[in-house]
Amino acid sequence: MRLQDARRDYYRNLAHEQGFRSRAAYKLKELNQSYRLIGPGFYVLDLGCAPGGWTQMAVKLAGNKGKVMGVDLSYVEEVPGAHIIRGNIEDEFLVDEIMEYFGRKVNAVICDLSPHVSGNWSIDHAKQISLNYDCTKIMDKVLMHKGNAVFKVFDGEYSMEFRDFVKKKFARINLTKPPASRKQSSELYYVCLGYTG
Ligand SMILES: C[S@@+](CC[C@H](N)C(=O)[O-])C[C@H]1O[C@@H](n2cnc3c(N)ncnc32)[C@H](O)[C@@H]1O
């Protein structure tokens with residue numbers, strides 16, 4: 001078995017054993033171990049949450065004093081401890097629903113969005129980055145001062161432009177790839193700490 005297959009199986013088995021819906025949950029766990037994006041009591045908004053692995057992990061990290069909301073175009077089975085809504089992050093009215101649920105600004109916005117991939121890399125990359133810009137529009141309205149965010153980025157032509165755009169809004173930004181992210185995949189995570197607006 002190739003190392004990359006063994007690694008994928010390792011995370012898949014771990015997710016199965018520990019009751020997480022996706023291997024992706026471990027990417028958030030590892031990012032959090034390195035950067036402490038989410039702490040106990042945090043209010044967390046999860047954009048592009050299906051099937052719910054990150055949402056489950058966010059509930060665990062935020063604990064019983066925290067609050068977590070997940071949004072996705074697709075149906076997501078209920079996640080205990082979280083509020084899930086079916087919606088399009090390109091829809092401006094989503095912000096009202098988010099604020100209504102939390103009742104105040106959130107401590108962290110986590111974005112793991114992927115478009116429906118067409119197989120044409122340039123199109124998929126451009127669409128994925130465009131979804132991240134849409135997330136920042138929501139983020140600008142709901143994230144508190146000094147809050148944190150993470151964006152999955154399909155690395156390519158427009159990623160540095162997006163990095164420069166988002167960098168201006170935070171005290172610190174780190175470009176990283178957690179061990180749970182497959183080496184051969186072109187995804188990166190931008191971990192943004194200390195929102196300044
Ligand atoms: C890689 S999955 C997220 C996996 C998730 N973090 C987990 O741990 O289970 C990416 C998600 O982005 C969602 N998505 C893509 N475009 C969207 C949009 N415009 N609005 C809301 N969700 C969207 C997709 O439906 C898909 O479920």
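Predicted model: local features only at pLDDT ≥ 70, side-chain atom pairs only at ≥ 80, totals over all residues.
Residues are numbered from 1 along each chain as its sequence is written.

Now α2 itself. It has twelve residues and reaches 17 Å from first C-alpha to last, close to the 16 Å expected at 1.5 Å a residue (the expected span being 1.5 Å times one less than the number of residues). Its buried residues are A24, A25, Y26, K27, L28, L31 and N32. Buried here asks for 20 or more other C-beta atoms within 10 Å of a residue's own; 12 or fewer makes it exposed, anything in between partly exposed, and C-beta atoms are placed from the backbone. Among the elements covering those α2 residues are α1, α3, β4, β5 and β7.

Step back to the loop between α1 and α2 and you'll find R23. R23 counts as buried because it has 21 C-beta neighbours inside 10 Å. Leaving aside neighbours within four places in sequence, R23 is in contact with Y11, R12, A15 and A180, contact meaning C-beta atoms, placed from the backbone, within 7 Å.

Next, the ligand. Of the 23 residues around it, A24, G48, A50, G53 and D112 come nearest; to be near, a residue needs its C-beta atom, placed from the backbone, within 6 Å. α2, α3 and β2 each supply at least two residues of this shell.

What about the core? Nonpolar side chains in soluble globular proteins tend to be buried together. The largest nonpolar core here has 55 residues, and V44, A58, V109 and V150 touch the most other members. Such a core is a set of buried Ala, Val, Leu, Ile, Met, Phe, Trp, Tyr and Cys residues joined through C-beta atoms within 7 Å. Skipping neighbours within four places in sequence, A58 is in contact with L28, I38, V44, D46, V68 and I110.

Zooming out, the protein chain has six helices and seven strands. Of its 197 residues, 41% count as buried.

How values were computed:
Contact = placed C-beta atoms within 7 Å. Helix = DSSP H or I, 4+ residues; strand = E, 2+ residues; numbered from the N terminus.
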